[in-house]
Amino acid sequence: MTPQDIRFSVAPMMDWTDRHCRFFHRLLSRRARLYTEMVTTGAVIHGPRERLLGFSGEEHPLAVQLGGSDPRELAQAARIAEGFGYDEVNLNVGCPSDRVQDGRFGACLMREPDLVAEGVAAMKRAVSVPVTVKCRIGVDEQDPEEALGRLAETVIAAGVDGLVVHARKAWLQGLSPKENRDIPPLDYDRVHRLKRAHPGLPIAINGGIKTIADVREQLAHVDGVMVGRAAYHDPEILLGVDALFGEAPPHADAFAALEAFEPYVAARLAEGVRLASMTRHILGLFTGRPGARAFRRHLATEAVRPGAGLETLSDAVAHVRRAGGALEDAA
Ligand SMILES: Cc1cc2nc3c(=O)[nH]c(=O)nc-3n(C[C@H](O)[C@H](O)[C@H](O)COP(=O)(O)O)c2cc1C
């Protein structure tokens, strides 16, 4: 894995970054690295694999994120994911939900660097694609200087190919997962120091980064930036990503990207996928522009109707085109 591979990525987000979402994001950037939602090793090994791991070839470069801590199961799940064609296997050491803590994985693994390293080593033996870890800077009363440093050193010794650090602690008691994404303060300097301590290891920073200008600022200190909520809620920012690689975006604007989304939507509709399962990921488009609210409202009420088809999508877009036209006429 090269530092370039992780220069920009869209974060793994449960219930959000499913395959439809990722296909749509790919129409806005050829270069962004995309991540699946977290899938547990148990689900990968025993569950409906095609439904959990299936994706479209267009989604590359694409990483699968695993949740688990048993090294043998991690190795088995990583091998299965590699068979599906993923470009990277990422281990979740950052999720603080109770369900995850019961399973002894996610952020509570910040306390068990040796177990994380065993998992990384087992996955490295099992697959030839890069193995990475996404972690926090610490949990609870841990000192981030010591906790993040120790986790990094341990997984580096186990052969990890890259790290993504969500630059805040997780508090395992008393905060919901949502609060754990906002309340513990961000500490970007801690991640910058980690990069200085490990110049040879690709390191990406994550948390609270909202614009391409912010991304550029971060790239002075680290190899990569992972953006989650801002990319989901305002996907048009992804049109600025390929410029970070000196390239033009795949489509000139959101209208053109949506047109390119239509054949995909039509194909999935023909397979029986509901329109709303796809259009829910585009509700953030046109944010702040005239017609955006009507666009959202149209999709929210019409796309959920049984049998809703492509015309619902074009009718929604027409609200924005009309509003934009009216504005220009008025000017
Ligand atoms: C709805 C939602 C689901 C998330 N699910 C995951 C997940 O499955 N795995 C993970 O590592 N992080 C998950 N996260 C955390 C994000 O990957 C990211 O670390 C966090 O949102 C901070 O980045 P941001 O400020 O750019 O959003 C999730 C975040 C959100 C908002």
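Two residues are in contact if their C-beta atoms, placed from the backbone, lie within 7 Å. By this criterion, and leaving aside neighbours within four places in sequence, Cys95 is in contact with Met38, Gly67, Val100, Gly106, Ala107 and Pro177. The model is predicted: local features need pLDDT of at least 70, side-chain atom pairs count only at pLDDT 80 or more, and totals for chains, interfaces and linings use all residues. Residues are numbered from 1 along each chain as its sequence is written.

An unreviewed UniProt entry lists Cys95 under "active site"; positions are given in the numbering used here, feature names are shortened, and annotations may be inferred rather than shown by experiment. Cys95 is placed in the loop between β4 and α5 (98-102). Cys95 counts as buried because it has 24 C-beta neighbours inside 10 Å (buried: 20 or more other C-beta atoms within 10 Å; exposed: 12 or fewer; partly exposed: in between).

Helices (H or I, at least four residues) and strands (E, at least two) are DSSP runs, numbered from the N terminus.

| Property | Value |
|---|---|
| Helices and strands | 14 helices, eight strands |
| C-alpha box along the principal axes | roughly 60 × 45 × 40 Å |
| Buried residues | 46% of the 331 residues |
| Share of contacts with a separation of 6 or more that join residues 24 or more positions apart | 72% |

In helix α4, the buried residues are Pro71, Leu74, Ala75, Ala77, Ala78, Ile80 and Ala81. They pack against α2 (41-46), α3 (49-53), β3 (62-67), β4 (88-93) and α6 (113-126). Gly85, with a positive phi near 105 degrees, follows α4.
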